[in-house]
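Here are my notes on this model, point by point. Keep the structure open while you read them.

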Amino acid sequence: MSLYDQLHSQLGYLTFPLLFCSLVTLALLLEKLVVLTAESLRTRKVNNDAPVLGGSSKPLLVARGINLLCHHGEEQRSLREEIAAIWLSAQRNKLSSGIRLLQVMALVTPLLGLLGTVLGLIQVFESLSDHRGPIEPSLLADGLGLAMHTTAVGLIIALPALAGAHGFQIWIDRIIYRVEHGMNQMNLFMDGVDMRKKND
């Protein structure tokens, strides 16, 4: 008996939808984990023409944001801030891709499990209605098994999807905050203000 057949014997008609949701969820979790880890660990040098921070090594997105500001160094500050806001929004959208789909998986899979529960109970009632004589536990086993298995599988898929969606969003917010802070600091450097001296 193949793995799919074994799953089908326990999950019934919901085998394919639940299997599909579990594979999509697993792929999204792995993809976001790899992408966000890479964004957190990779570094790049800030361009040498950048004030104060020129030539220093910074996290990849921070260095890219600072270099973008330096590229538009001749523009007025308000225009630089607008450019930075648009660029940060694009980076946030890029990092957040797939989060919404994880949230959908966290919402849909418990509902699939609930549907399996209802189908299992219908199966139980049909078995009872067709049966004459004393009721044996085996008459209830198939339907109740389907009900419990689909509910459990739905929740097993939903929990990591929900935790991943919220955890990755917090991670992305921290990355974007770090980039935003670096770009704001560079904007002040470009206007001749060095906050570090005041803090020291």
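1. Thr15 lies in helix α2. Helices here are DSSP runs of H or I with at least four residues, strands are runs of E with at least two, and both are numbered from the N terminus. Thr15 counts as buried because its relative accessibility is 1%. Buried means under 20% relative accessible area, exposed means over 50%, and partly exposed is in between (1.4 Å probe, protein chains only).

2. What does Thr15 contact, leaving aside its neighbours within four places in sequence? The partners are Tyr4, Leu7 and His8. Contact means heavy atoms within 4.5 Å.

3. A word on the source. This is a predicted model, in which local features need pLDDT of at least 70 and side-chain atom pairs count only at pLDDT 80 or more, while totals for chains, interfaces and linings use all residues. Residues are numbered from 1 along each chain as its sequence is written, and side-chain values use heavy atoms, with hydrogens and water left out.

4. Now the whole protein. It has 7 helices and 2 strands. From the N terminus on, the order is α-α-β-β-α-α-α-α-α. The radius of gyration is 27 Å, well over the 16 Å that the globule rule gives for 200 residues, so the protein is more spread out than a compact globule. That radius is taken over C-alpha atoms, and the rule is 2.2 Å times the number of residues to the power 0.38. The C-alpha atoms fill a box of roughly 90 × 30 × 30 Å along the principal axes. Of the 200 residues, 33% count as buried.

5. Look next at helix α4, residues 77–96. Its 20 residues reach 28 Å from first C-alpha to last, close to the expected 28 Å. The expected span is 1.5 Å times one less than the number of residues.

6. Which residues of α4 are buried? They are Arg80, Ala84, Trp87, Leu88, Gln91, Leu95 and Ser96. They sit on the same side of α4 because they cover an arc of only 160° around the axis. The arc is that of the directions from the helix axis to the C-beta atoms. On the other side, Ile86 and Asn93 are exposed. The cover over the buried residues includes α2, α3, α5 and α6.

7. Just after α4, Gly98 takes a positive phi of about 95°.

8. Finally, the record. UniProt (unreviewed entry) places "domain: MotA/TolQ/ExbB proton channel" at residues 71–180. Over residues 71–180 the chain is 88% helix and 0% strand.

Definitions and conventions:
UniProt positions renumbered as here; feature names shortened; annotations may be inferred.
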